[in-house]
Amino acid sequence: MTHPIRASLLVTCLVDLFYPEVGVAMVTLLRGLGVTVDFPPSQTCCGLPLFNSGYQDEAARVARHVVPIFSASEHVVVPSGSCAWMIKKEYPGLLRDDPALGKDAEALADRTHELSQFLVKVLGVTHVKTAFRGRVTYHDSCHLLRGLGESQSSRTLLSNLEGVELVELPGADECCGFGGSFSVRLPEVSTSILGKKIANIEKTGAGCVVACDAGCLMQMSGGLSRKGSPVRALHLAQLLYSEGGSAPLPTPPPEASAGKAGGRTRAA
Amino acid sequence: MSNQASTKPFAERAAVALRDTFLQEALTIATTKFIGLRKDSFAGFPQGEALRDRARAIKEATLQRLDDYLERLADNVERLGGHVHWATTGDEARETILRLCRDRRVKMAVKSKSMATEEIELNDALEQAGVVPVETDLGEYIIQLAHEKPSHIIAPAIHKTKGQVADLFSREVGQRLPADPEVLTAVARKELRQKFLQADMGITGANFAVADTGTIVLVTNEGNGRMVTSLPRIHVAVMGIEKVIPSMTDLMVFLAILARSATGQKLSVYTTLVRGPRQAREVEGPEEFHLILMDNGRSRQIAGELREALYCLRCGACLNVCPVYRQIGGHAYGHTYPGPIGILLTAMLKGDRAVKELAHASSLCGACHEVCPVRIDIPRMLIELRHRLDRERIAPLAERLVFKTFRRLLTSPALFRLSVALGRVAQRPFVRNGRLRSLPLVFAKWTRTRDLPPVATQTFTQRWKGLR
């Protein structure tokens, strides 16, 4: 590499507020791979919740706020398939009628990458190290899988991890039932869909289910923890750390710490 | 009808379905089977993807010149000696059929499975007019005996177990029958044979109508469609105007993907092509053939945002993969067309207000878009529909205010940080072992069944300062 790759983090509202450790893991991971990371502080949320509920004008206002924040970024890396999809696939349309920002939105769409895609397709990284040991399974987030057409990058990274056994999740491509506001508009239906997902996760015998979207993680971990299951839902970034890096290890939830997790974590 | 009562809110209807363990089992088994069959069928059919694109393009182009194709279809049907009736509304379509029944002293009508006739609730109208309607598709026959409506576009009795069917049939024939599908099918077959011979009229829908040749195409698996179109002296076909396709070549494209999408079959067991009434040199077929071209709200969608929904082939693939449909089944939707495409069709036929709640009955997972043979972007149109609910002020005021306030927070980092800080304070009494297990107000909708992580003591924005 002639010059270090620079990447701006768009950590998403869920990671910022609820899963900051995912953001920290991402920073450690990317730095370990030689990427210069920055974090523009005026970011809030990509506006996807507004867009999906039909509030397009409001979502466009948010897009107008977000696009200039990243105008100087070489790459924008997002730890969420749905937020990356929003920026890549919807921002250009939302700002189409804006002569100035419309072009910027298109340029931003091209420079924005979901984390697993950034690692594998931009950096060309397929092998990283982890301190995690044991069996894991992978859930395809709907927007990453069907919105961005990505099913391989995460699996490549996970299956190349030493000490980790990746087992396929039955119905991996089926929705976990989150769906943003859907999860509270129709909580019973959402939970019932989640029930199937959790049953499938448990069938794999994995100690950990990995996903690339904080929305799915919130839904799956919410159901697993309510059930008292020892299985944990983790973001891909939490599982990976690069050579020389020291990604913080996820701490098991208190009620599960005494449980018999299929996959044990060990200090690096 | 018992299952169609849409007076209860959708969420309640859904909750009832979720508690029905028979329904849950039946849905899981059937949809899982359909998903697998479809997948295998396309896996061994590499040209399928290109044919799907082609089919979509045909639908797109046909709708742009719909009136030309409909006129050509009508001309050809009349040239063959058939009668064509134009119906602007569902009422008109129903009235046309009732008038035919009156004028021709029809006492009994046998029917082949048709969603178009469900759409206009034809069976009720026939009964009230003193005509006995007899559904001859096995699934439709079952739900007619149960006085229910179809709960799936191609598998109307998908919600029934074989035990429930045995009970229904036992009551009908007045003797106790075993819950054995072969025995039950044989009973239905025997019952229906008589009806085919007695009926004065056969009523069908149309999967396709070929403009160039005046051919009505029926795609079925039981052979009943063939009986309905050939034994009674009158055949009436009811079709939505969007079902017309230009040519027989186009038909081949659709036939190659329709059954694969629906049941994973290369072709359905029967593909019935009907051209007008019995011709002079023919030995079988009806004396009269009537084609009803029904608009019922379709044409005003041609230039609208939901136009793609008019491409729908009614294969039901989007129902089978929909996580919501798979949990609640078709009746909970409360309208003729269930599932993701059903929400769009209902909005189209009954207006946006009718789908105020249903527009949100999707997690937007995109599975429907992925399997649709003509690649209808259902999630995109559901979002569009939600947008219209806001624009037309059909969405509740409180919801609209919440989202508009939310927008303000998201475009003002200072306000956003402030509300995060407030949230962190407000959640304090509810944090147990690093989890939120029970929250009041709207948040209870989440925490009743799931834990929630609390707002972090230090957000990433705050932690970044130490990471720089």
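Let me start with confidence, since this is a predicted model: chain B averages a pLDDT of 95, and 99% of its residues score at least 70. There is one stretch in chain B that I would set aside, residues 1–5, where the pLDDT is below 50, although in the model this stretch still has 14 contacts beyond near neighbours in sequence. For chain A the average pLDDT is 90, with 89% of the residues scoring at least 70, and over residues 242–268 of chain A the value is below 50, while that stretch has 52 contacts in the model beyond near neighbours in sequence. Where pLDDT is low, the predicted coordinates should not be read in detail.

Let me turn to how each chain is divided. Chain B is split by the domain assignment into domain 1, covering 45–296, and domain 2, covering 413–467, and the C-alpha centres of these two domains of chain B lie 56 Å apart. In chain A the assignment gives domain 1 as 6–121 and domain 2 as 126–257, and there the C-alpha centres of the two domains lie 21 Å apart. The contact between the two domains of chain A takes 30 residues from domain 1 and 31 residues from domain 2.

Staying with that interface inside chain A, the area buried between domain 1 and domain 2 is about 2,400 Å², and carbon and sulfur atoms give 68% of this area. On the domain 1 side, the residues that lose the most area to domain 2 are Tyr19(A), Leu29(A) and Val120(A), which together account for 20% of what that side buries.

As for polar interactions, 8 residue pairs are counted in polar contact between domain 1 and domain 2 of chain A, with both residues at pLDDT 80 or more. Looking at which elements of domain 1 of chain A touch domain 2, those giving two or more residues are helix 1 (13–17), helix 2 (20–32), helix 5 (81–94) and helix 7 (115–122), and of these helix 2 of chain A gives the most, with 8 residues. By class, this side of domain 1 of chain A divides into 16 nonpolar, 9 polar and 5 charged residues.

Because Lys121(A) lies in helix 7 of chain A and Glu150(A) in the loop between helix 8 (142–147) and helix 9 (153–159) of chain A, the pair ties together parts that are 29 residues apart in sequence.

Finally, let me come to the interface between the chains, where 63 residues of chain B are in contact with 68 residues of chain A. The area buried between chain B and chain A is about 5,700 Å², with carbon and sulfur atoms giving 61% of it. On the chain B side, Arg450(B), Phe460(B) and Trp464(B) supply 12% of the area that chain B buries against chain A, which is more than any other three residues.

Between chain B and chain A the count is 7 salt bridges, and one pair to look at on the structure is Asp16(A) with Arg417(B), whose side chains meet in a salt bridge at 3.3 Å, N to O. There are also 30 residue pairs in polar contact between chain B and chain A, both residues being at pLDDT 80 or more. Helix 18 of chain B, residues 397–410, gives the most to the side of chain B that touches chain A, with 8 residues, and by class that side has 29 nonpolar, 14 polar and 20 charged residues.

Definitions and conventions: Residues are numbered from 1 along each chain as its sequence is written. Chains are lettered from A and ligands numbered from 1 in the order in which they are written. Side-chain values use heavy atoms; hydrogens and water are left out. Domain bounds come from an automatic or database domain assignment. Contact means heavy atoms within 4.5 Å. Buried area is the accessible area (1.4 Å probe) that two parts lose on being put together, summed over both. A polar contact is a pair of N or O atoms within 3.5 Å; within protein, one must be able to donate a hydrogen and the other to accept it, and residues adjacent in sequence count only if both atoms are side-chain atoms. Helices (H or I, at least four residues) and strands (E, at least two) are DSSP runs, numbered from the N terminus. Ala, Val, Leu, Ile, Met, Phe, Trp, Tyr, Cys and Pro count as nonpolar, Asp, Glu, Lys and Arg as charged, and the others, Gly among them, as polar. pLDDT is the predictor's confidence in each residue, from 0 to 100. A salt bridge is a side-chain nitrogen of Lys or Arg within 4 Å of a carboxyl oxygen of Asp or Glu.
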